[in-house]
Amino acid sequence: MSNIVDQYRITKEPYYRAVGDEVELYEAAYSVRMPMMLKGPTGCGKTRFVEYMAYKLNKPLITVACNEDMTASDLVGRFLLSAQGTEWQDGPLAIAARHGAICYLDEVVEARQDTTVVIHPLTDNRRVLPLEKKGELVNAHPDFQIVISYNPGYQSLMKDLKQSTKQRFGGLDFTYPEHAIETEIVAHESGVDADTAGKLVSIAERSRNLKGHGLDEGLSTRMLVYAGSLIAKGVAPLAACRVALVRPITDDPDMRDALDAAVTTFF
Ligand SMILES: Nc1ncnc2c1ncn2[C@@H]1O[C@H](COP(=O)(O)OP(=O)(O)OP(=O)(O)O)[C@@H](O)[C@H]1O
Ligand SMILES: [Mg+2]
């Protein structure tokens with residue numbers, strides 16, 4: 001019988017360019033099943049990193065995109081109506097805990113704190129998940145691990161993890177990589193040559209200096225990959241950058257001018 005988590009196995013090696021010692025640190029953390037928190041701005045490689053690590057550790061990966069309407073039942077499971085009456089259905093967290101997957105809770109601060117606390121008994125030495133409505137206590141499979149992503153700076157006082165949640169995790173910082181590495185990533189992912197990729201990275205670096213001076217966030221690696229992909233398809237670089245870099249990130253006319261100027265400096 002095929003295992004329910006087999007569908008979550010990553011069969012093809014994801015491309016991940018290590019930036020520092022994050023791969024080794026994650027492997028060590030996994031070996032002691034330490035819950036991990038990946039911190040960093042949008043589009044800097046957190047999701048790609050988890051996919052790569054799940055592949056490397058040969059574990060299924062169950063990803064949950066968290067949002068504020070999410071309830072504990074969405075994670076843990078619920079009774080559903082069936083022909084026989086009602087039938088319990090495990091939620092993604094219960095499936096991962098039962099069958100030994102890595103459970104990745106993306107954007108975990110988006111979830112309400114009363115939802116987030118359901119991970120507490122799984123993230124201390126108990127490693128259990130109570131399915132209260134079902135009256136079952138799931139002992140986590142030895143392979144189970146929980147990973148969360150967290151964008152520092154996006155939190156408000158109302159929306160942050162409780163200390164009692166934070167202190168259950170090890171943390172890895174992700175930032176945009178240094179010029180040469182980011183160039184390599186953009187070239188690989190989009191198919192443009194190294195020279196073009198390097199120009200895109202230089203534009204991003206300019207934008208990142210504008211963070212806090214009219215821009216909430218600089219251009220991410222993801223956006224550079226988009227721009228590169230358009231260029232690789234034959235779109236003129238100026239148009240590609242306008243569509244993929246400048247227009248999405250700001251509506252402010254002065255800021256658009258500043259970014260357009262950065263684009264024309266390099267292309
Ligand atoms: N170190 C890296 N190695 C390979 N690809 C990378 C790396 N960093 C970024 N990328 C590229 O950037 C894209 C965006 O990265 P990813 O989706 O992992 O971002 P994220 O940090 O999860 O963002 P978000 O917080 O918005 O979910 C990836 O699809 C990949 O193309
Ligand atoms: Mg992500």
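Guide: The protein has 11 helices and nine strands, where helices (H or I, at least four residues) and strands (E, at least two) are DSSP runs numbered from the N terminus. This is a predicted model, in which local features need pLDDT of at least 70, side-chain atom pairs count only at pLDDT 80 or more, and totals for chains, interfaces and linings use all residues. Residues are numbered from 1 along each chain as its sequence is written, while chains are lettered from A and ligands numbered from 1 in the order in which they are written.

The C-alpha trace spans about 65 × 40 × 40 Å along its principal axes. The domain assignment gives domain 1 (4-173) and domain 2 (179-266); such bounds come from an automatic or database domain assignment. The C-alpha centres of domain 1 and domain 2 lie 32 Å apart. Eight residues of domain 1 are in contact with nine residues of domain 2, contact being C-beta atoms, placed from the backbone, within 7 Å. On the side of domain 1 that touches domain 2, four residues are nonpolar, three polar and one charged. In this scheme Ala, Val, Leu, Ile, Met, Phe, Trp, Tyr, Cys and Pro count as nonpolar, Asp, Glu, Lys and Arg as charged, and the others, Gly among them, as polar.

Now the ligand. Ligand 1 has 19 residues around it, of which Thr42, Gly45, Lys46, Thr47 and Arg48 come nearest; a residue is included if its C-beta atom, placed from the backbone, lies within 6 Å of the molecule. Both domain 1 and domain 2 contribute at least three residues to this shell. Among the elements, α2 (46-56), α7 (179-190) and α9 (221-232) each supply at least two of its residues. By class, the shell around ligand 1 divides into six nonpolar, eight polar and five charged residues.

Thr175 is placed in the loop between β9 (170-173) and α7. Apart from residues up to four places away in sequence, Thr175 touches Gly40 and Cys44. With 13 other C-beta atoms within 10 Å, Thr175 is partly exposed; the class lies between buried (20 or more other C-beta atoms within 10 Å of its own) and exposed (12 or fewer), with C-beta atoms placed from the backbone.

Behind these elements are two nonpolar cores, each a set of buried Ala, Val, Leu, Ile, Met, Phe, Trp, Tyr and Cys residues joined through C-beta atoms within 7 Å. The largest has 43 residues, and Ile62, Ala97, Ala101, Cys103 and Leu129 have the most contacts inside it. Elements that each supply at least two residues of this core include α2, β1 (36-39), β2 (61-65) and β5 (102-106). Cys103, leaving aside its neighbours within four places in sequence, is in contact with Ile62, Pro92, Leu93, Ala96 and Ile146. A second, separate core of 26 residues includes Val186, Val192, Met223 and Leu230.

For residues 182-265, an unreviewed UniProt entry lists "domain: CbbQ/NirQ/NorQ C-terminal"; UniProt positions follow the numbering used here, feature names are shortened, and annotations may be inferred rather than shown by experiment. The span 182-265 is 75% helix and 0% strand, with its end C-alpha atoms 19 Å apart.

Technical notes. Two residues are in contact if their C-beta atoms, placed from the backbone, lie within 7 Å.
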